[in-house]
Amino acid sequence: MSAAIPSGAAPQVIHLADYQPWPCLLDRVELTFRLAPKATRVLARLHLRPNPAANPGQDLRLDGEGLRLIALSLDGRALDITPDAHGLTLPAALLPNRPFTLETEVEIVPEGNTALEGLYMSNGMYCTQCEAEGFRKITFYPDRPDVMARFHVRIEGDLPVLLSNGNPVGQGPGWAEWDDPWPKPAYLFALVAGDLRAHRDAFTTASGRPVALNIWVRPGDEDRCAWGMESLKRSMLWDEQVYGREYDLDVFNIVAVDDFNMGAMENKGLNIFNSKCVLATPETMTDDEFARIESIVAHEYFHNWTGNRITCRDWFQLCLKEGLTVFRDQQFSGDLRGEAVKRIEDVLMLRARQFREDQGPLAHAVRPDSFVEINNFYTATIYEKGAEVIRMLRLLVGDADYAKALDLYFNRHDGQAATIEDWLKVFEDATGRDLSQFSRWYFEAGTPRVTVSEDWAEGTYTLTLSQDNPATPGQPDKGAKLIPVAVGLLNPNGDEVVPTTVLELSQPVQSFRFEGLAARPVASILRGFSAPVVLDHPLDRTGRALLLAHDTDPFNRWEAARSLAKQVLAEMVTTGAGVSADWLSGIAALAQDAGLDPAYCALALRLPSEDDMAATLAAAGHVPDPAAIHAARRRMGQALAETLDPVLPKLRAEMATPGPFSAEAGPAGRRALANACLALLTRLDGGAAAQAGFKAAGNMTDRLAALVALLENGHGAAELADFEAEWHEDRLVMDKWFSVQVAYAAPEALVATVNRLTARPDFTMENPNRFRAVMGALSAHHAGFHHADGAGYALLADWLIRLDGKNPQTAARMSTAFETWRRYDPARQALIRAQLARIAASPRLSRDLGEMVGRMLG
Ligand code: TRP
Ligand code: ZN
């Protein structure tokens with residue numbers, strides 16, 4: 001009966017079309033854990049009954065991997081069934097046609113688990129990560145999100161703190177019991193055991209339920225929890241006020257863990273966080289990290305409704321919870337920190353990560369229909385584009401109907417495992433709109449390109465928009481999408497003559513007329529980035545400068561500066577042109593505009609990234625030359641510094657934030673602008689201001705900004721040594737120390753820098769944060785990673801092969817460094833292909849990394 005899987009067999013592809021309900025319903029499960037690092041026993045009792053919605057006569061499949069089966073019985077009678085490599089099958093003939101109980105006992109080895117999936121150990125503490133398919137490494141179970149059960153958990157172990165999901169229902173010396181009243185899929189299960197300390201607080205919900213809040217940390221980290229706790233309370237209040245969603249248990253626990261594959265995990269009532277994403281003090285974390293912590297705490301909390309109370313039927317529906325929860329956390333951060341700045345940051349990230357993914361061999365739909373390894377689909381497309389699709393939906397139906405639809409969603413699907421079809425139906429029913437064309441955003445990959453042409457005659461302005469939906473792997477032909485294009489019109493003197501109007505582009509080519517205008521207007525198109533598309537708007541420099549100076553839409557005003565910068569930089573790279581005076585004067589004016597949010601000015605001063613420029617040039621039919629892009633971008637920064645030189649010290653001084661440190665958006669924005677000024681100053685003053693700034697800094701934001709400014713200009717050796725002396729015992733802070741040396745290495749010194757750092761005893765690939773600090777910075781260093789000698793490619797491939805043996809999930813994620821290979825010249829393409837082929841041929845290649853390199857090679 002056991003089906004041995006021959007090694008080297010082609011990995012199985014899972015198809016959405018093959019979905020079948022599980023043959024049983026699982027009302028309740030009782031778990032007992034007897035913890036021991038080398039041999040943990042897990043006893044599971046599953047209370048099952050036939051599922052009337054399933055096809056009759058099916059065998060019952062339980063998933064299970066790496067488990068030593070000790071005992072198996074059905075209604076108390078032992079069964080003699082040998083598991084295969086991926087689980088065990090109970091033949092249909094054995095299954096009673098009434099409720100029955102299945103009991104198993106297995107043994108697992110948490111100490112040996114380096115994949116950080118299932119039950120593992122981190123610094124002497126037990127913890128779990130079950131999403132997406134980690135529960136099968138804990139016990140035999142239907143490890144699929146549509147099987148929802150109520151869990152009762154007993155933990156036995158000699159550690160002081162024993163946590164699981166739900167409410168605590170009993171404890172004594174060496175044991176604790178937890179009961180979760182809300183049915184949930186196995187991926188939301190969690191267990192933590194350790195010598196932990198709590199940072200405690202409390203929250204009372206709108207309907208009066210008292211909730212105990214705890215952030216659990218290792219002894220010594222208690223003073224790093226205040227910001228995470230504040231963020232949690234704000235999130236709880238916001239979800240009540242904006243979505244009408246209350247918390248539904250007596251306790252909400254967060255645990256900080258040092259070794260974690262991703263940012264954080266929304267386990268019911270027991271969120272587990274990468275310590276980097278929750279622990280902060282002003283001395284150890286930067287403003288950007290404070291903001292990120294706030295948004296991740298919110299994200300995981302918001303999952304309680306969008307993900308946990310309503311979960312996904314199968315993993316193809318991942319965007320149902322992730323896209324919606326990202327959209328909600330973006331709204332939350334926008335409300336707290338300013339909508340315009342948040343929108344710009346989100347779009348920068350969307351373009352850097354999702355557009356990049358969409359334009360390469362890993363492109364996939366927001367709702368894909370096949371996969372090999374689901375861990376490979378926690379992508380920018382599922383998360384960030386998934387959020388963009390919901391943002392468009394809200395824009396199309398309006399805020400009031402969006403609220404109506406969400407209420408209907410929560411009422412109709414609470415307690416269910418739902419699909420994207422269910423989600424769209426809710427909007428159709430709440431608004432009466434037909435969303436069949438809109439649904440293509442979910443089912444078709446690729447970034448649409450919208451091209452603008454304009455016509456002006458006798459007071460009538462005609463805007464013609466055409467859309468092109470590029471082919472992506474497996475999807476050669478696509479129909480027109482419904483694209484909301486927010487447009488406003490400005491007079492040549494800068495006055496707005498037509499306020500924001502949302503045009504619905506539904507045809508391949510479509511014209512929109514605006515009548516009764518006195519003069520030919522300048523159009524501000526795609527305001528607020530109303531759709532995740534590439535906009536091709538051939539606007540002359542005067543038009544762009546007009547928008548940069550006068551657009552009433554803050555996003556598009558920033559975008560005017562950005563697109564001008566990219567146009568200028570592209571010309572510098574391809575024709576050797578100089579830095580344009582228009583751009584310099586436009587940016588100088590923006591930077592000094594006292595009426596603007598300093599955070600916004602800081603964003604305007606940020607140059608386009610080298611990777612972004614490579615993508616832009618490739619899209620325009622050029623072969624990007626990484627060294628030329630790097631050199632041109634440096635010249636651009638230098639010219640900007642020289643232009644702003646007379647005002648930099650004053651502007652920086654005006655942005656000083658006296659008084660005690662606050663991580664709120666206001667002071668953080670002032671520090672961002674002050675430090676943008678410092679970065680420019682350091683190009684001119686030989687490092688004097690940054691050296692002084694480094695010494696005087698009272699917080700990590702200013703300290704790291706000074707260090708980076710120095711490193712960018714070839715200084716900073718003494719400061720690096722000081723930093724190390726001060727922080728060498730702090731893992732999270734030292735990650736920054738590792739990372740900046742790689743990120744700001746000279747391109748030709750990159751490989752040597754990485755080799756020097758990885759030879760240190762405090763470099764370890766067992767800790768994903770440390771590995772990412774170095775290898776993530778290596779692959780993000782555009783000019784160095786893509787150095788023509790190919791040494792960066794080989795170095796990353798070496799490390800991915802090594803890491804794959806321990807932690808396939810993180811190795812696979814980091815392999816996306818190679819996804820852009822088709823952009824480059826034939827020599828670089830050949831070098832990258834050779835490394836991908838070498839990874840593909842490595843012995844014991846994981847399914848995770850194997851799928852990624854296979855897709856990238858095409
Ligand atoms: N669901 C988590 C989130 O978005 C993501 C996550 C955390 C995850 N850890 C993981 C996904 C491990 C896959 C594997 O908040
Ligand atoms: Zn999430």
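**View 1. The side chain of Gln741 reaches the backbone oxygen of Trp737 at 3.1 Å.** Such a polar contact is a pair of N or O atoms within 3.5 Å; within protein, one must be able to donate a hydrogen and the other to accept it, and residues adjacent in sequence count only if both atoms are side-chain atoms. This is a predicted model: local features need pLDDT of at least 70, side-chain atom pairs count only at pLDDT 80 or more, and totals for chains, interfaces and linings use all residues. Residues are numbered from 1 along each chain as its sequence is written, ligands are numbered from 1 in the order in which they are written, and side-chain values use heavy atoms, without hydrogens and water. Gln741 counts as buried because its relative accessibility is 8% (buried: under 20% relative accessible area, 1.4 Å probe, protein chains only).

View 2. His303 and Glu322 are 19 residues apart. Both His303 and Glu322 are buried.

**View 3. Ligand 1 is surrounded by 15 residues.** Each has a heavy atom within 4 Å of the ligand. Among the closest are Glu131, Ala264 and Glu300. A polar side-chain atom of Glu266 lies 2.7 Å from a nitrogen atom of ligand 1. A side-chain N or O atom of Tyr383 lies 2.5 Å from an oxygen atom of ligand 1.

Methods: Helices (H or I, at least four residues) and strands (E, at least two) are DSSP runs, numbered from the N terminus. Buried means under 20% relative accessible area, exposed over 50%, partly exposed in between (1.4 Å probe, protein chains only).
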